[in-house]
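Let us take a walk through this structure together, one step at a time. Have the sequence and the 3D view at hand as you read.

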Amino acid sequence: MLETDFTALFLTVKLAIITSVLLLIICFPIAWLLSNYTGRLKPYFEAVIALPLVLPPTLLGFYLLVAFSPNTLLGEFWQSLTGHQLAFSFSGIVLGSLIYSLPFVMQPLLVGFNQVNSQYNNAAIALGFSATKRFFYLLIPLLKSTILSAFSLGFAHTLGEFGLVLMIGGNIPGETQVVSIALYDHVEALNYQAAHELSLILFAISFACLVLLFKFNRASLGFRGSNAAS
């Protein structure tokens, strides 16, 4: 493998970890609120969250590229804050990945919150637990497998990003060139040996993520089954 391939691999894993961690922090309280919300606007909120699932990555990337432009409020604010433009930067592809991978982390959390047995919540209320204590000492332990599943799914999905990253980040080695783009470059240059090596590494990482995902899902289903039996 070339040195640029190792750099692209490191950058991809870094992007996936940062995106997945930030999405858990963002999505967990939102999923908790949304699972308890029964108003008429709930389908609209759910549709907005799921929208990246049906939008072409290039379409989403195009509008994010426009939004990241230094001529927009967001782009101007970011440039004044950091001294660097948001488009064609690592920060830009992180922000784009947060939006693109949002439903892959949010949906498992929503399902988990909806399936948590209410008797635990009612028992905690009877014992005088505040909402904050119930959140940290009841929901998080009960949803541990769900949280790990959401993280694994977000991580695996971010690993395979191509069109969105290419649109908003370009192809800058060491800055925005992720594995999928490096792989595309090898194929374009007819360097199939390097393409095979990079593909096998990405395949192995993705397979490991899916094994962990299904393992956590089985643990989560086992917990829900024991609750149903009781």
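This is a predicted model: local features need pLDDT of at least 70, side-chain atom pairs count only at pLDDT 80 or more; totals for chains, interfaces and linings use all residues.

Start with threonine 176, which sits in the loop between H10 and H11. Is threonine 176 buried or exposed? Its relative accessibility is 0%, so threonine 176 counts as buried.

Phenylalanine 88 is found in the loop between helix H4 (73-82) and H5. Its phi is near 60°, a positive value in a residue other than glycine. With a relative accessibility of 37%, phenylalanine 88 counts as partly exposed. Leucine 190 has a positive phi too, of about 60°, although it is not a glycine. You will find leucine 190 in the loop between H11 and helix H12 (192-229). Its relative accessibility is 59%, so leucine 190 counts as exposed.

Now move to leucine 166, which lies in helix H10. Leucine 166 has 34% relative accessibility and therefore counts as partly exposed. Not counting residues up to four places away in sequence, leucine 166 touches Asn171 and Ile181. Along the chain, leucine 166 and isoleucine 93 are 73 residues apart, yet their C-alpha atoms are separated by 8.9 Å.

From single residues, let us step back to the whole chain. How many helices and strands does the chain have? The secondary structure comes to 12 helices and 0 strands. Read along the sequence, the pattern is α-α-α-α-α-α-α-α-α-α-α-α. Taken along the principal axes, the C-alpha atoms fill a box of roughly 65 × 40 × 30 Å. The chain has 230 residues, and 39% of them count as buried. Among the contacts in the chain with a separation of 6 or more, 75% are between residues 24 or more positions apart.

How do the helices meet one another? Two packed helices are described by the angle between their axes and the distance between the axes. Take helix H1 (residues 3-36) and H11, which pack at an angle of about 150° with their axes 8 Å apart. Angles over 145 degrees count as roughly antiparallel, and H1 and H11 are therefore roughly antiparallel to each other. On the H1 side, the contact is made by Asp5, Ala8, Leu9 and Thr12, and on the H11 side by Val179, Ala182 and His186. By class, these residues divide into 4 nonpolar, 2 polar and 1 charged.

A second pair to find in the view is helix H3 (residues 57-67) with helix H5 (residues 90-100), whose axes come within 11 Å and cross at roughly 130°. That angle makes H3 oblique to H5. The crossing of H3 past H5 is right-handed. Here Pro57, Leu60 and Leu64 in H3 meet Gly96, Ile99 and Tyr100 in H5. The contact of H3 with H5 has 5 nonpolar residues, 1 polar residue and no charged ones.

Our last stop is the aromatic rings. The structure holds 6 aromatic pairs. One of them joins phenylalanine 62 and tyrosine 63: the ring centres are 5.1 Å apart and the planes stand at 65°, so the pair is edge-to-face. Phenylalanine 62 counts as partly exposed at 41% relative accessibility, while tyrosine 63, at 54%, counts as exposed.

Phenylalanine 162 and tyrosine 184 form an aromatic pair that is tilted, with 5.5 Å from centre to centre and 55° between the planes. This pair links distant parts of the chain, 22 residues apart: phenylalanine 162 is in the loop between helix H9 (144-159) and helix H10 (163-169), and tyrosine 184 is in helix H11 (residues 179-188). Phenylalanine 162 is partly exposed, with a relative accessible area of 30%. Tyrosine 184 counts as partly exposed as well, at 42% relative accessibility.

Conventions: Residues are numbered from 1 along each chain as its sequence is written. Side-chain values use heavy atoms; hydrogens and water are left out. Axes are lines fitted to C-alpha atoms, for helices over the stretch in contact, and angles run from 0 to 180 degrees between N-to-C directions. Helices (H or I, at least four residues) and strands (E, at least two) are DSSP runs, numbered from the N terminus. Angles under 35 degrees count as roughly parallel, over 145 as roughly antiparallel, 65 to 115 as roughly perpendicular and the rest as oblique. A crossing is left-handed if the near helix is turned anticlockwise from the far one by less than a right angle, and right-handed if clockwise. Contact means heavy atoms within 4.5 Å. Ala, Val, Leu, Ile, Met, Phe, Trp, Tyr, Cys and Pro count as nonpolar, Asp, Glu, Lys and Arg as charged, and the others, Gly among them, as polar. Rings of Phe, Tyr and Trp (its six-membered ring) pair if their centres lie within 6.5 Å; planes under 30 degrees apart count as stacked, over 60 as edge-to-face and the rest as tilted. Buried means under 20% relative accessible area, exposed over 50%, partly exposed in between (1.4 Å probe, protein chains only).
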